[in-house]
Amino acid sequence: MPYLSQIIGRAVQDASGDAFDRIADLVIYHGTEKFPKITGILLSGDRSRVAIIPWDAVTEVSAAGIRLRVERPRLTPRPLQPDEVLLRDNIFDCQVVDTDDLKVVRVNDIELRQVGTELRVVAADVGTRSLLRRLGLEPLVAGVFERLGRPLPQGMIPWNLVAVLGGTMTPLKLSISREKLKDIHPADLADLLEELDRDERVEMMTALGDETAAEVLEEAQPDVQATVIQELPKERAADVLEEMAPEEAADVLGELPEHRADELISLMEEEKAEEVSRLLEYPPETAAGKMTTEYIALSETMTVEEVLARLREARPDDETIYYLYVVDAQERLVGVLSIRSLIISAPQTPISQVMRTNVVYVEPDASVPDVAGALVKYDLLAVPVVEPGGRLVGIVTVDHLLDTLLETYGSGKLGGGVDLLRRKARREAAGGGAAGPPGGAPPPRGDDGSQEGTPRRGAPAGAGGPEAGTPHPPT
Amino acid sequence: MTSTAPILRRAGRAAAMSRLAMFFAIMGPGIITQSVDNDAGGITTYSLAGANFGYALLWTMIPVTVALYVIQEMASRLGAVTGKGLADLIRERFGVRTTVWVMLVLLAADFGNTLAEFSGLAAGGEIFGISKYLFVPIGAITVWLLAVKGTYRSTERIFLGASAFYVCYVVSGLLSRPDWGAVLRASIVPSFSFKANYLLMFVGVIGTTIAPWMQFYLQSTVVEKGITAKDYGYTRADVLIGSFMTDIVAWFIIVACGATIFVHHIHVENAKDAALALVPLAGRYAAALFGLGLINASLFSASVLPLATSHYVCEALGFEAGVDRTARQAPVFYSLYVALIVGACAIVLLPNAPLLKILFLSQVANGILLPFILIFMLLLVNQKRLMGAYTNSVPFNVIAWVTTIAMIILTLALVVTQIFPFGG
């Protein structure tokens with residue numbers, strides 16, 4: 001009895017040999033097992049779908065059906081447990097995530113394996129063959145293809161690589177999904193997110209930790225971002241927004257109805273909330289609308305040695321370390337310091353002597369094409385945004401701007417498939433497909449070659465007050 | 001820290017937001033669906049209804065509007081509450097076999113519609129003296145480019161603007177000086193006939209107004225816009241406005257054709273004849289106006305329908321779909337899409353293909369296939385497990401079931417009268 005589609009509808013006999021009912025559904029315990037055991041049976045006669053016959057009662061599984069070890073009146077049905085899943089109801093015909101190929105697929109059938117009286121789920125079948133089997137056409141069509149010398153391929157996904165998102169959420173189910181999703185790069189999760197239905201999106205986001213959820217959301221399309229944030233419970237949505245880079249969070253909030261955005265901002269921690277609402281006040285299609293407030297600003301009175309010590313302590317993100325902006329006591333931009341001059345200068349040198357004072361900057365209301373023009377013309381990775389009074393308020397990085405430009409100029413299609421293949425190749429190279437070590441999964445971003453974990457953004461080092469995140473007050 | 005400037009900017013943003021809100025309030029899923037619905041098949045069917053039967057079918061507009069609203073409201077409610085498309089829901093709730101049947105029905109109906117769109121294109125081209133052998137392939141390539149290169153939103157905007165054309169019918173209907181007393185009487189007092197042609201027209205009018213694909217389309221649009229059960233109230237209004245708009249246009253097309261073509265006993269053979277209804281408005285430019293309207297409506301629906309249909313079928317059956325995938329990644333999707341377009345073009349390009357007849361009969365096919373879709377919608381929308389507190393109310397169930405059963409009876413009567421014609 002290899003397939004669920006063949007088991008549904010089989011007869012159920014009790015100990016006396018009376019075939020009193022048929023199988024309507026099978027129950028699995030959605031636990032940590034890689035290939036979960038069947039734990040119970042739902043009978044067709046049970047219209048209210050509440051009484052599960054425990055699998056312990058089964059004595060024989062055969063092509064004819066299932067035989068129970070007790071007589072019918074002595075059966076002890078039990079309700080569905082919170083961590084149990086109905087195979088047919090919750091998984092059959094529904095969408096699941098293939099965590100190896102990084103695709104959302106529809107389950108046509110479920111392969112089971114029988115060992116004695118024990119029955120286990122081993123794979124989800126998503127191939128054309130299983131579709132034909134359900135239609136009763138498998139022998140016919142498969143035969144034709146075989147004669148043509150091109151046998152129909154199987155579309156099995158081993159169960160340990162399947163992440164189930166449908167059904168009712170329980171903490172345990174979510175932790176299983178989290179376990180299966182954790183090796184996937186946030187950018188790929190964002191692609192998957194777009195293919196899922198509304199409830200499944202919420203479930204995926206709920207399964208992920210705040211930090212990963214935030215990274216995934218940063219990578220998702222604006223309309224997906226907005227629907228997900230709208231659908232998540234308020235507190236959770238605020239937590240995820242807090243973890244996002246402020247400019248990304250502001251972009252998402254800008255897509256929401258105003259009252260909803262205000263409500264979420266009020267639930268965020270004060271510092272982040274202030275920053276995000278300040279960003280929100282700028283028109284979205286300007287330099288200020290695209291800028292991030294996470295950058296490194298140094299006081300002009302510091303020495304090279306002090307700066308290096310500060311950097312080691314703050315461990316800034318890879319995108320922000322390229323440019324070190326120097327400000328005076330009034331937070332006015334006075335210069336920019338390159339990593340190169342920092343390294344080659346004597347420790348005691350004041351940075352005001354080695355910084356470049358001729359800094360390219362844009363004003364807050366500069367248009368997006370103008371900002372892009374400045375970045376391209378001067379070959380910059382980021383450009384500071386300076387208010388008319390000279391105060392530094394943020395920077396626009398090339399990668400954030402690139403995302404926006406791609407959205408505007410419609411190349412959202414760029415590189416989807418190719419990218420996925422490349423990432424998969426990496427995953428495999430990193431050691432045995434999806435079973436590989438977590439660190440091997442994501443491709444490195446940036447080129448700093450740092451060995452400390454995966455280079456991901458959005459997580460300022462050091463709890464409480466990330467110094468890299470706010471302009472440095474004069475000391 | 002805060003200066004006055006940001007507060008001012010904030011005000012600017014609020015104004016932009018409310019304008020955006022206004023835009024969405026006006027262009028909701030219901031209204032968009034209805035605009036796609038007034039396609040070449042629709043214009044032709046309403047024109048023929050007016051040209052051949054005068055005002056006799058006007059009375060159907062009131063019950064059809066009610067049924068249209070009820071059914072569309074069900075579709076958008078299903079989308080808002082479940083967050084899933086209709087094809088997905090049918091697959092998840094009724095399994096593979098049912099899904100395959102429903103998808104075959106949808107494919108058949110939409111092949112008919114695609115056929116209608118390309119016939120409309122050919123007929124529109126003929127008005128300007130352009131050979132269909134040139135015009136239809138150009139149209140097909142345009143449709144392909146719009147689908148693959150353009151975004152759906154940009155396509156939508158181009159054509160929606162052009163669909164202001166329908167206002168012409170309202171004006172022309174008013175200018176054609178119909179006998180308003182007779183028109184109003186015919187709109188309220190039902191009349192019926194068991195003649196084969198009348199039944200055919202009856203099913204065609206309903207089929208073109210409440211088409212099977214619309215339910216899939218509307219539900220997907222609601223899901224894509226992220227509308228939930230919470231903010232569903234306004235979608236209901238949107239659907240209501242959309243239903244009224246469609247049927248007011250339909251009503252005026254019938255009146256205009258009744259007052260111009262029917263009273264002069266002209267037998268409509270081709271698109272030029274049907275264009276006579278626009279003479280009161282456009283005089284000798286009537287044919288050109290009609291031709292442009294037909295071409296616009298055809299192109300719009302032809303660039304939306306086959307693509308949408310391929311999507312639904314692939315998603316329900318678990319094949320990869322979408323124009324952002326390559327043909328190698330999504331072979332089934334592209335095969336279906338190409339088959340729909342090429343197949344439709346091939347039939348339209350047959351020498352002497354009766355374009356107007358194809359246009360009309362495809363709408364009859366829509367009407368015949370409608371009940372199959374309605375039954376599944378009704379079963380779904382009444383599932384407590386799926387819809388919770390949002391299942392159908394009793395009046396909705398009554399109206400929807402009456403529509404379904406009426407369509408089945410009409411279809412049966414149609415079959416009987418086709419086999420045993422009496423009268424005629």
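This is a predicted model: local features need pLDDT of at least 70, side-chain atom pairs count only at pLDDT 80 or more; totals for chains, interfaces and linings use all residues.
Let's start in chain A. Find strand S8, residues 95–98, and then strand S9, residues 103–106; the two pair up in the antiparallel sense over four bridges. Four residues sit between S8(A) and S9(A), and the whole thing forms a hairpin. In that turn, A:Leu102 has a positive phi of about 55°.

Now for the greasy parts. In soluble globular proteins, nonpolar side chains tend to be buried together. Here the largest nonpolar core has 136 residues, and B:Ile253 and B:Ile254 are the ones with the most contacts inside it. Helix H15 of chain B, residues 286–317, gives this core its largest share, 17 residues. Apart from it lies another core, this one of 108 residues, including A:Ile7, A:Ala245, A:Leu253 and A:Tyr325.

So who does B:Ile254 touch? Setting aside neighbours within four places in sequence, B:Ile254 is in contact with B:Tyr46, B:Ala49, B:Gly50, B:Leu57 and B:Leu58.

That brings us to two helices of chain B: H3, residues 40–53, and H12, residues 233–262, which pack at an angle of about 45° with their axes 7 Å apart. Because of that angle, H3(B) counts as oblique to H12(B). Their crossing is right-handed. On the H3(B) side, the residues making the contact include B:Tyr46, B:Ala49 and B:Gly50, while those on the H12(B) side include B:Ile253 and B:Ile254.

Notes:
Residues are numbered from 1 along each chain as its sequence is written. Chains are lettered from A and ligands numbered from 1 in the order in which they are written. Two strands pair if DSSP finds at least two bridges between them. A nonpolar core is a set of buried Ala, Val, Leu, Ile, Met, Phe, Trp, Tyr and Cys residues joined through C-beta atoms within 7 Å. A residue is buried if 20 or more other C-beta atoms lie within 10 Å of its own, exposed if 12 or fewer, and partly exposed in between; C-beta atoms are placed from the backbone. Two residues are in contact if their C-beta atoms, placed from the backbone, lie within 7 Å. Axes are lines fitted to C-alpha atoms, for helices over the stretch in contact, and angles run from 0 to 180 degrees between N-to-C directions. Angles under 35 degrees count as roughly parallel, over 145 as roughly antiparallel, 65 to 115 as roughly perpendicular and the rest as oblique. A crossing is left-handed if the near helix is turned anticlockwise from the far one by less than a right angle, and right-handed if clockwise.
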